[in-house]
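These are my notebook entries on a structure that I am reading for the reader who is new to it. Each entry records what I looked up.

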Amino acid sequence: WAADLLSHDYAVRGDAQTALKQLGEAAVPQLCVLLRKRNPSWEQHVVRLNSLLPFLNYQRVDAVACRLRSAEMLGLLGPHASEAIPDLIRALAFDHSANEPERALLRIGRAAVGPLTHALQDAGDPKVRERSARLLREFPSLDEHSIAALMDATEDRVAEVRGEAALALGAAAHKREDAIRRLLSLAVDSKEGVRAAALKALGEIGISKTEVQTVLQRGLADKSVPVRLAAAKSLWSLEQNSRDTVPVLTNILLG
């Protein structure tokens, strides 16, 4: 049934999904085997040889399709697929198939929060850290351990991780002074995506104080359009300040 998830026949895939749903948790180990499929670098050479020497009869498996189909099925199992969380997190490293593991982790629910927090802290692949931070943003009421991990991630060496950590703090650390201090430091980051994320998060975190207003005002004059836009939106959210924000937004539109 797991293999049938790769069938080009819609009816065969549907029957396989129905059967695997009925199996529930018992189906998870085999789905994880499918999720772990990788196409090794040497395989392309074997495929070329196969065309010249048909007797080799090498059957190539599409690892991207394997990850997509298995993650989709694990998502359909929802909380019953919690055993697959580590494999789903590892699958976040692959750009062409990360969307289904992301959806599956969200459907599994809060059981994924702890492992995602651990991945944010320790995963060697920056894509895994980046996507772990993004997913944590989707869970309300994160505990102190997860918020601390997000704060630490604002100092990650990879800009995309810092940006996602900032956005997650904006969603999860409502009215926290320590989170504001981290975001204020990111508002002057060398990467425009990080600055924009920090300014957006400052608007979401919900504290209007002198330091925040000063940084947002400075952001209105940033050379980057996304940064100016984020600053204007946050300033409006906190202060309903049309005098400063409308001219900036108008200039962006006329741009």
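**Entry 1**

I began with Arg 162, which is buried at a relative accessible area of 10%; buried means under 20%, exposed over 50% and partly exposed in between, with a 1.4 Å probe and protein chains only. The model is predicted, so I note that local features need pLDDT of at least 70 and side-chain atom pairs pLDDT 80 or more, while totals for chains, interfaces and linings use all residues. Residues are numbered from 1 along each chain as its sequence is written, and side-chain values use heavy atoms, with hydrogens and water left out.

I then looked for the partner of Arg 162 and found a salt bridge with Asp 189, whose closest N and O atoms are 3.0 Å apart. A salt bridge here is a side-chain nitrogen of Lys or Arg within 4 Å of a carboxyl oxygen of Asp or Glu. Arg 162 belongs to helix 10 and Asp 189 to the loop between helix 11 and helix 12, so the pair ties together parts that are 27 residues apart in sequence. Helices are DSSP runs of H or I with at least four residues, numbered from the N terminus. Asp 189 is also buried, with a relative accessible area of 13%.

**Entry 2: other charged pairs**

I counted 19 salt bridges by this rule. One of them joins Lys 209 and Glu 177 at 2.8 Å, N to O. Lys 209 lies in the loop between helix 12 and helix 13 and Glu 177 in helix 11, so this pair ties together parts 32 residues apart in sequence. Both ends are partly exposed: Lys 209 has a relative accessible area of 22%, and Glu 177 stands at 37%. I also recorded a network of salt bridges that includes Asp 95, Glu 102, Lys 127 and Arg 131.

**Entry 3: helix 12**

I checked the length of helix 12, residues 192-205. Its 14 residues should span 20 Å at 1.5 Å a residue, and the end C-alpha atoms are 20 Å apart, which agrees; the expected span is 1.5 Å times one less than the number of residues. Is helix 12 enclosed or open? I found 10 of its 14 residues buried, so it is largely enclosed by the rest of the structure. Among the buried residues are Val 194, Arg 195, Leu 199 and Ile 205. The buried residues pack against helix 10, helix 11, helix 13 and helix 14, contact meaning heavy atoms within 4.5 Å. Just after the helix, Gly 206 takes a positive phi of about 90°.

**Entry 4: the nonpolar core**

I looked up the largest nonpolar core and found 76 residues, with Leu 116 and Leu 199 among those with the most contacts inside it. Helix 12 gives the most to this core, with 8 residues. Such a core is a set of buried Ala, Val, Leu, Ile, Met, Phe, Trp, Tyr and Cys residues joined through side-chain atoms within 4.5 Å. Beyond its neighbours within four places in sequence, Leu 116 is in contact with several residues, including Ile 89, Leu 105, Ser 132 and Phe 139.

**Entry 5: positive phi in loops**

I noted two residues other than glycine with positive phi. Ser 141 has phi near 55° and is found in the loop between helix 8 and helix 9. At 66% relative accessibility, Ser 141 counts as exposed. Lys 175 has phi near 60° and is found in the loop between helix 10 and helix 11.
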